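Here are some exercises to work through with the model open beside you. Try each task before you read its solution.

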Amino acid sequence: MSMNEFKPKIVAFCCNWCSYAGADLAGTNRLNYPADVKIIRVPCSCRVNPMFILRAFQRGADGVILCGCHPGDCHYTTGNYYARRRMTMLFSMLDYLGIEKERTRVEWVSAAEGAKFAAVMNDFVKTVTELGENKRLEDLRCKK
Amino acid sequence: MQKIGVFVCHCGTNIAGTVDVKAVAEALGKEPGVVFSTEYQYMCSEAGQNLIKDAIKNYGLTGIVVCSCSPRMHEATFRKTAAAAGLNSYMVEIANIREQCSWIHKDVKVATEKAIVLGRTAIAKVALNTPLTASETPVVKRALVIGGGIAGIQTALDIADAGYEVDLVEKEPTIGGKMAQIDKTFPTLDCAACILTPKMVDCAQNEKIHIYAYSEVESVKGFVGNFNVTIKKKARFVDETKCTGCGICTEKCPMKKTPNLFNLGLDNRSAIYIPFAQAIPKIATIDADYCNMLKNGKCGVCSKVCAAGAIDYKQQDQYIEQQYGAIVVATGFNPIKLDNYSEFAYNESPDVVTSLELERLMNAAGPNGGTLLRPSDKTHPHTIVFVQCVGSRDTTDCGKPYCSKICCMYTAKHAMLIRDKYPDTEVYVFYMDVRTPGKNFDEFYRRAVEDYGVHYIKGMVGKVMPQPDGKLLVRGSDLLTDEQLKIEADMVVLAAAIEPDKTARPLATMLTASMDTNDFFTEAHPKLRPVESPTAGIFLSGVCQGPKDIPETVAQASAAAAKVIGLLAKPALKSNPCTAHSDENLCNGCSSCERVCPYGAISYVDKEFRMPDRTTKVRRVASVNPAVCQGCGACTVACPSGAMDLSGFSNKQIMAEVDAICR
Amino acid sequence: MLTSKEKEQIIRSSGADVTKCMRCGKCSGACPSYDEMEYHPHQFVYFVEKDQIEKLLNSPSIYKCLGCSVCSERCPRDVGPSKIVEAVLAMAVRRQDENHLKAENIPGMVEDDTPGQLLVSAFRKYKK
Amino acid sequence: MTFSYYPGCTLKTKAKELDAYARRSAEALGITLAELPDWQCCGGVYNNTKDEIATKLSSVRALISAKEQGNKLVTLCSACHNVIKRTKNEIETNDDMAFRVSNYMQCDARKDSDTEVVHFFELLRDTVGFDELKKKVVNPLTGRKIAAYYGCLLLRPGKVLQFDNPENPKIMEDFIRALGATPVIYPMRNECCGGYIAIESSEAARKNSAAIYESAEGFGADCMITACPLCRYNLIKAESTVPVVYFTELLAEALGVK
């Protein structure tokens, strides 16, 4: 491992009921995925404001992933459908702004899918690592 | 100025094995706002908790971060710890450095770095936490049970037994439901009426239970602990307070050709009727579709013969408003209509019947007084063919994709009862699988085969062909002998799939309770919360939630009652304080939030605001009912003006977390 | 387990999903040609699922199906046994060196009143 | 009102009366049947396989030809109706088939063959109307007990043909009532006569057909009607004790144009 190997910054929003529990299960089963992924717990995927994702990119994140309950399984009945619609809009806008589509992702991970959580994270980190650093939205005013 | 304390847990070697806990505590101690940082072997132990309590007191901490296992594990523990030391329990954040760090990373350096990032993220969040208090709403000490079958009856009795008032709403003139129509019950073969009617009487005599028979729920407003319900009491054209149930009117009524719906139309009754002898309430009802007086104004016989003067042709529907703390749905089921299964000749031949119709044909109180006679010519049937799974496990448009669950057992029961009473009758059962997962169920089915000589045939009937001589030629496959059978039968009995009652769907809309694609109510958790709807305060009892037999229905009915009692026993409801709230100064009254709220927690109110020029102006603004809000946050994102925010997961907090991760 | 080319071809050309079958046997209970057949509609579905296509290809049963579609009409799972019988028949007809029905045999089969429809239908079914 | 008309091979040879009575009746009902120019055989019994193209092409030609005439396409023979309607459905729902047919025929198969296909019965029910038909009957067949024999090809597959309820149809019974006769309902009316296996297993076909007319006779029919020359052939070969006639013959009789 060389010292200057690129390590992406990845923010993962996980809903409290499914995906966060799925991440816990991945941990309980000792399923490895890169330490570059940092999880933020939200009550539901629909709590994730597109603003949060823009903020992450402004602050230099290289990839953002949103995980929620499977369609139809939302703890709040319909939250993940809202999330899916909002993210579809946001991602196409990000694409327009020149942020590669592959830097953002929505995944459904249930509380029972620890293995899927790890697999998704491995894949996402690999994809983002291949894309390299993301500077396009970085706001230098945010840097002190 | 925030004074934050950081507590890093070793979790034995679970965390300390891969994370340098000392380095983490040291690094986090330098974060802004942190005044105390330490590590300890087991933070969740009593000694660990005392360490936290002491630190809160000694350093006057305003917020704490515990770097430990998942918050799903010990968040509640540390919240209690904080509260015990006088700190608001919502000033606690957990950094998950076990499941999401030490357990998945092997490299100590990598894991330690990540643990520090997770720690500082939690610190950034806790710095913006605000003390939250769970709000309290009073609970109306009264329950509503919708549906008066065995499920509703059992739930009502159990709730009343605990001392609470219960209203039982039933759309038919009598309670009892499907069980009242059944002859015998599996696997013990007790007579259904003998075990059901005492419970019906208990309901009627219990002073805590009020039965609204021949009534329907018209509207539901409000929320858990405080529902406001309108009940429509349909006009019976008989004064309930005067009718004695003597039955003279039913005898004298000249309109004798009214289909008897209690007997599923297998015989006739009069236009004024009492569904069956043990009906509760035992009050006559006039069928407006058949009564000559109500249709043409000519007759009036019942009014003349009624000594109590109970007949009231001018009676109108009545509306009753009532408050409830909890609502139980027990709307039950019906067999599906068999119009799309003409290959079984159900509409073509009166001798092809559904299993529920067979119950009536065999019932002592049924159209034949308990003697099994075939409907067409009232002769004794010598060969009877049962067809299982008619419309169940059927993924085409006309059937139901699920297993109806009860048919295997009631068919075994029917076959056994017929063979027992009429040993000269041959009984064939066409089955795909025999499913008997219940106590003494498989033994029961085996008895039908081994002791009663019922012919079970693995296969399915392809066609039932009525013959000119009145016989029914049944063509079906025997998959084990690899033969196509042609059986000349006298009667064919179809185990029709069951489906939720048609009233369930509009009711679910009123209750904002969710349903699956088959119109069964969904439960809050399929395993761990099976009798609660995801909507707070709505409970499920019986087949409205999924196919069930009587023992299961009664068990679930009592479980639902226990949940209701648990709710009603509370003096007030503490709700999750992580709810949405709106900044009225920013709200522009657009209703976006109201539309996305799955719970109907947001309403709009007109409020007076003081303007800068000292005038006042009335504006329409959003108002969140914290008792109903479940805290999903959908509204916060929908709000175009940024007025809506979620306590505990505010925009600022999440942004601070993002910043801390990306730093 | 590897799926044979034959099975893939049957699935493709029938458009039927054999895995949906729950083995109720309603197709065989409905079949008007049951007694003429060695393998019956439900077995066609099952043998295709279990990849035993040769058995079906070599059985005279494929020429006994009336094409009446009653098995598919009544199938509670929309599997469509008749589509599978048809696909097996088509495979047999396509692969045979000799057609099941030969033109030279036809005169012996025809009577004065045989409708053209019968000849065309049989010929289409049994010949490449 | 003008409809394109597809008679089919058998109606020109062994089932001339099915065709002739239909033409006369249509005229009496004010309907013009414009026979398609240069039509070919429909292709015979529908080949179910999704990848068989050759047998579908002549049906496609008929559909295109009717589309060019700008009319709905009327069929009489059950087999032709089944084949043409299912071919149309296959082109609508199977992309691969539409693509290959388009290539072969040098056309846009989906657009060019987008012709509505109606059976003569459907024309009587939906265009003429059975109530109207009843008014035009000059020789009501009062007292006749007639069994409708549907067979398979008009009814199945129900989702594609959309002719009537495949298990409990009523269109032919309504037709019989409109002519003043009494329909006989019997369970075998939608069972198969034996179809094309008559060519090599005539015994098997006869067994099937015998069960059908016995059932009709048992329920008191004095006559059976059908729209399919093969059904009629099989029933007659099985020595049906009930006379079997084409439905158009009864229609012509009732309309006084026989």
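**Exercise 1. Chains C and B**

How many residues does the contact take from chain C, and how many from chain B?

Before counting, note that this is a predicted model, where local features need pLDDT of at least 70, side-chain atom pairs count only at pLDDT 80 or more, and totals for chains, interfaces and linings use all residues. Residues are numbered from 1 along each chain as its sequence is written, while chains are lettered from A and ligands numbered from 1 in the order in which they are written.

Step 1. Count each side: chain C puts in 16 residues and chain B puts in 18 residues.

Step 2. Look for the main contributor on chain C. Helix H2 (residues 26-30) of chain C supplies the largest share of the side that touches chain B, four residues. Helices (H or I, at least four residues) and strands (E, at least two) are DSSP runs, numbered from the N terminus.

Step 3. Sort by class. Ala, Val, Leu, Ile, Met, Phe, Trp, Tyr, Cys and Pro count as nonpolar, Asp, Glu, Lys and Arg as charged, and the others, Gly among them, as polar. On the side of chain C that touches chain B, that gives six nonpolar, four polar and six charged residues.

**Exercise 2. The pairs of chains**

Find which of the four pairs of chains that touch has the most contacts, then describe the side of chain D in that pair.

Step 1. Chains C and D have the most contacts among the four touching pairs.

Step 2. This contact takes 37 residues from chain D and 32 residues from chain C.

Step 3. On the chain D side, the elements giving two or more residues are helix H10 (202-218) and helix H11 (229-237) of chain D. H11(D) gives the most, with three residues.

Step 4. By class, the side of chain D that touches chain C comes out as 18 nonpolar, 13 polar and six charged residues.

Step 5. Now for chain A: no contact joins chain A and chain C, with their closest C-alpha atoms 23 Å apart. Chain A doesn't touch chain D either, and there the nearest C-alpha atoms are 28 Å apart.

**Exercise 3. A helix pair in chain B**

Work out how H11(B) and H12(B) cross, and what meets what.

Step 1. Two packed helices are described by the angle between their axes and the distance between the axes. Axes are lines fitted to C-alpha atoms, for helices over the stretch in contact, and angles run from 0 to 180 degrees between N-to-C directions.

Step 2. Helix H11 (residues 355-362) and helix H12 (residues 407-421) of chain B pack at about 30°, their axes 11 Å apart.

Step 3. The crossing of H11(B) and H12(B) is left-handed (the near helix is turned anticlockwise from the far one by less than a right angle; right-handed if clockwise).

Step 4. From H11(B), Ser355(B), Leu358(B) and Met362(B) meet Cys407(B), Tyr410(B), Thr411(B), His414(B) and Leu417(B) of H12(B). By class, this contact has five nonpolar, three polar and no charged residues.

**Exercise 4. Inside chain D**

Why is H9(D) largely enclosed by the rest of the structure?

Step 1. A residue is buried if 20 or more other C-beta atoms lie within 10 Å of its own, exposed if 12 or fewer, and partly exposed in between; C-beta atoms are placed from the backbone.

Step 2. Helix H9 (residues 171-178) of chain D is largely enclosed because six of its eight residues are buried. They are Ile171(D), Met172(D), Glu173(D), Phe175(D), Ile176(D) and Ala178(D).

Step 3. These buried residues pack against several elements of chain D, including strand E5 (145-148), strand E6 (182-184) and strand E7 (223-226).

Step 4. Follow those strands (two strands pair if DSSP finds at least two bridges between them). E5(D) and E6(D) run parallel, joined by three bridges, and E5(D) also pairs with E7(D) in the parallel sense over three bridges. Ala147(D) has Val184(D) as its bridge partner in E6(D) and Met224(D) in E7(D).

Key
Contact = placed C-beta atoms within 7 Å.
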